[in-house]
Amino acid sequence: MEASNAAAATATSPEELHFYVADEHGHAEGSTMLGFWLYLMSDCLIFAVLFACYGVYGRQFAAGPTPHDLFDLSTVALNTSMLLLSSITYGFAMLAMEDDKVGRTQLWLLVTGLFGAAFVFLEIREFLEFIHDGAGPQRSAFLSSFFTLVGTHGLHVSLGLIWLVTLMVQVGQRGLVPENRRRLMCLSMFWHFLDVVWIGVFSFVYLIPVLR
Amino acid sequence: MTSDGVHVEVLHSGDQAGHGSRKGYLTGFILSVILTAVPFWLVMNHVLTDPRVMAGLVMGFALVQIVVHMVYFLHMNTKSEGGWTMLALIFTVVLVVIALAGSLWIMYHLNTNMMPTMQNMRDMS
């Protein structure tokens, strides 16, 4: 309605003629976002089930190591800050994308990727330490559920990193075309969602069991 | 887009939803840092002695931080996609609460009811 009014208002001076074209593609993007959100919600259910398993098995130590013996909270704090920093840098990448700054978007994506890689590196190092100390996933029900839950999250972050690198290549090739913007927005939701899951992990898996 | 003085502007219908501002991201980040640092500080320095109060506090901080992330990073609101994202979120939260609370509740009672104590085992033999 406003579009036709605006066109009519400026019709007298051809130099100032404005055409407003409602982008049909926008609808497709909208449903992509909703569909991706529904995927994230179903992913949320997977994590909920794994959290429930950890809640049930988390105290079945089979006379093995307890969270108090194993967890080094300073590592977890460092891990958490890496993921939180990667969340804000991805936000900056999205802001740069809205400003149509290809270079700045790529730079923030790179920074996000480095923080994400640091997170995965620290997590793998922690896992290897546990396994080296004989506290592998086969040691007790507690450790099985711990490795499944935290490992699934780590796998999500690793796949997110592959996705991020793929998108950096695509943005490098084609620039910020609508398709790439849509993909970047999906990854944005995925990345922030993983940070939300991590809040549950560091509280429920690391901090609270250490208290007991 | 401009050609011969004619302006063609493409209106993205989805553009109003799902975008944040620098201020929003920074607010979310600062709140998240505080909401992360406090529970870590509480647990690492053994600030309180009662583990149940501490666990409650840690869970409380986690819930608030999840809301902060949802609002400032995931840009959740009741209007985006005509309210469908919010509806999907509410549905998921209900399922998550049922799965978590139900599992813990049932398994806790199974443990107390089914686990044979040493006394029971001696009686059985």
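I call a residue buried under 20% relative accessible area, exposed over 50% and partly exposed in between, with a 1.4 Å probe and protein chains only. This is a predicted model, where local features need pLDDT of at least 70, side-chain atom pairs count only at pLDDT 80 or more, and totals for chains, interfaces and linings use all residues. Residues are numbered from 1 along each chain as its sequence is written, and side-chain values use heavy atoms, without hydrogens and water.

**Aromatic pairs.** I paired rings of Phe, Tyr and Trp (its six-membered ring) with centres within 6.5 Å, calling planes under 30 degrees apart stacked, over 60 edge-to-face and the rest tilted. That gave me 23 aromatic pairs over all chains. I looked up A:F71 with A:Y206: the centres are 4.7 Å apart and the planes stand at 55°, so I noted a tilted pair. A:F71 sits in the loop between α3 and α4, while A:Y206 is in helix α7, 135 residues apart (helices are DSSP runs of H or I, at least four residues, numbered from the N terminus). A:Y206 is buried at 0% relative accessibility, and A:F71 is buried at 8%.

Next I checked A:F130 and A:F146, a tilted pair at 5.8 Å and 45°. A:F130 belongs to helix α5 and A:F146 to helix α6, so this pair ties together parts 16 residues apart in sequence. A:F130 is buried at 3%, and A:F146 is buried at 0%.

**The two helices.** I then followed α5(A) and α6(A), which pack at about 155° with axes 10 Å apart (axes are lines fitted to C-alpha atoms over the stretch in contact, and angles run from 0 to 180 degrees between N-to-C directions).

Definitions and conventions: Chains are lettered from A and ligands numbered from 1 in the order in which they are written.
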